[in-house]
Amino acid sequence: MSVSRISVASIAVVLSGIVWGFYWVPVRWLERAGMTGAWGTMAITLAGCVALAPLMLRFRDGLARADRVGLAAIAFGGAGFALYSIALIYGRVTIVVLLFFLTPVWSTLIARYLLGWKTPVLRLVAIFAGLAGLGVMLGASGDWPIPRRLGEWLGLISGMMWAVGSTGMKMRADVSPLPSAFMFVCGAALMSCAVVPFLPGTPVVSGPVFLIAAGTGVIWWGASIAALMWATRQLDPARVGILLMSEVIVAALSAALLAGEHLSAREIIGGALVVGAGMLEVWPVRRARH
């Protein structure tokens, strides 16, 4: 692979992380405009499905031949992202993002205890760092270190679902990036539709709401996910994992500047441990490559 292609893929991952770091902005705008509960996420993901559907015509034969377990894993990962999207309404942005980025802990546990894979020492350290960060963040107010708000629970569950989905993708997914993005957003749309009846809220449809939902679906769930799916095929997992940490930084800064959501000192320490767990999780892969 040429150096230029690696560079383009790396830039794509960083830009994807930056774009997703601002994802909470349109989600909360839609919530304030009347698309409360899961309605905003449902509108966004359905718009993403509509945007990608016409492009699927040339890939329909490949989808028909694709591994069904792999397709299900992709859709399951998308369903997890839908819960992450909904969590941004009910919890603080940075906390939700960090809870989602506990994914390395769950991925390592799945690999060790469900798949029987050997666990490198540094990944055991990553589990300890991630769980310690979780405890410090959630116990920052002096209470028991468990999720309390709905957003915190959804952020934690979404990361677990993404760990399961991404593991299945690595093992069984055999479709190209664009169909992968389509299955991903379809899984998110289905999850959003399933959650809507259980969260209070009614949709308020207007011209601005339609435009924001459509634009968010196209940019975040269409173009950004498709670019990320392509880039992950060009780079090793270590590089992807590290570059995607740009989402945590951008989300924390944008939430502090635009929404006034500031973390306490203990929450910052806990967040640093979670980010460190992510770095440790990919480090053994990188060393093995070299």
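Axes are lines fitted to C-alpha atoms, for helices over the stretch in contact, and angles run from 0 to 180 degrees between N-to-C directions. Helices (DSSP runs of H or I, at least four residues) are numbered from the N terminus. The model is predicted, so to speak of local features pLDDT of at least 70 is needed, while side-chain atom pairs count only at pLDDT 80 or more and totals for chains, interfaces and linings use all residues. Residues are numbered from 1 along each chain as its sequence is written, and side-chain values use heavy atoms, with hydrogens and water left out.

**View A. Helix 5 and helix 9.** The axes of helix 5 (residues 68–90) and helix 9 (residues 150–172) come within 7 Å and cross at roughly 160 degrees. Helix 5 is therefore roughly antiparallel to helix 9 (angles over 145 degrees count as such). The crossing is left-handed (the near helix is turned anticlockwise from the far one by less than a right angle).

**View B. Helix 7 and helix 9.** Helix 7 (residues 103–114) packs against helix 9 at about 45 degrees, with the axes 8 Å apart. This makes helix 7 oblique to helix 9. Their crossing is right-handed.

**View C. A nonpolar surface patch.** Residues including Ile-11, Leu-15, Phe-22 and Leu-258 make a nonpolar patch of about 870 Å² (nonpolar side chains joined within 5 Å, each residue with over 30% relative accessible area and no salt bridge). Helix 13 (246–258) and helix 1 (3–21) each give two or more residues, and helix 13 gives the most, four.

Definitions and conventions:
Patch = residues over 30% accessible without salt bridge, like charges linked within 9 Å, V, L, I, M, F, W, Y side chains within 5 Å. Areas by Shrake-Rupley, 256 points an atom, 1.4 Å probe, with all protein chains shown as cover. Salt bridge = Lys/Arg side-chain N within 4 Å of Asp/Glu carboxyl O. Parallel < 35°, antiparallel > 145°, perpendicular 65-115°, else oblique.
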